[in-house]
Amino acid sequence: MEMYNCRRCKKLFPRLREPICSDCIQQDEDLFNDVKNFLRDNPKTLIADVAAETGASAKKILGWLREGRLEIVGGDLTCKACGEGISTGIFCEPCQSKVNQDLDAMENSVGAARAALEAEARSNVVTMHSRAKK
Ligand SMILES: [Zn+2]
Ligand SMILES: [Zn+2]
């Protein structure tokens, strides 16, 4: 089995999937549980306070919040689109549904454009007409 240096603790370990060893993964999980428990008891907290209380880095906590694994109501997690305070994830609800709509609209317009091109390809008249316009 091939051995790699753990990206975090530099220990040699048989690499499976993660760039860090099982000890470090376990450490992360423990830390995550600490943060989760802390937030369950203190849901109204600033990220910096959670970091200070649990020893997890603010960056790591933010990552977990963005992944939707944690919720916080301290107000310093904000929607990436409009800056509104949110408790978890990346966007507030209105922006999230807007993002979903935009994706739908994009897919629809791509589909419509493709259908129009196919229709044009089937019809020589339309093709000649549109060429003449150029
Ligand atoms: Zn490690
Ligand atoms: Zn928003």
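Me: How many buried residues are there among the 30 residues of helix H4?

Reply: The count is 0, so H4 is hardly covered, given that a buried residue needs 20 or more other C-beta atoms within 10 Å of its own. Keep in mind that this is a predicted model.

Me: What span should the 30 residues of H4 have?

Reply: Here is the general idea first. An α-helix has 3.6 residues a turn, so residues three or four places apart point the same way. Now the case here: H4 covers residues 93-122, and at 1.5 Å a residue it should span 44 Å. Its end C-alpha atoms are 43 Å apart, which agrees.

Me: Which residues make up the largest nonpolar core?

Reply: Such a core is a set of buried nonpolar residues joined through C-beta atoms within 7 Å. In this structure the largest one has 11 residues in all, including Val35, Leu39, Trp64, Leu65, Ile72 and Leu77. Helix H1 (22-41) and helix H3 (58-66) are the elements that give two or more residues to this core. The largest share, 3 residues, comes from H3.

Me: What does Ile72 touch?

Reply: Leaving aside residues up to four places away in sequence, Ile72 touches Leu39, Pro43, Thr45, Ile47, Leu65, Leu77 and Ser87.

Me: Is Asn5 exposed or partly exposed?

Reply: Partly exposed, because Asn5 has 13 C-beta neighbours inside 10 Å. Asn5 is found in strand E1, residues 3-5. Beyond residues up to four places away in sequence, Asn5 touches Lys10 and Leu12. From Asn5 to Ile20 is 15 residues in sequence, and their C-alpha atoms are 8.0 Å apart in space.

Notes: Residues numbered from 1 in each chain as written. Chains lettered and ligands numbered in written order. Predicted model: local features only at pLDDT ≥ 70, side-chain atom pairs only at ≥ 80, totals over all residues. Helix = DSSP H or I, 4+ residues; strand = E, 2+ residues; numbered from the N terminus. Buried ≥ 20, exposed ≤ 12 C-beta atoms within 10 Å, placed from the backbone. Contact = placed C-beta atoms within 7 Å. Expected span 1.5 Å × (residues − 1).
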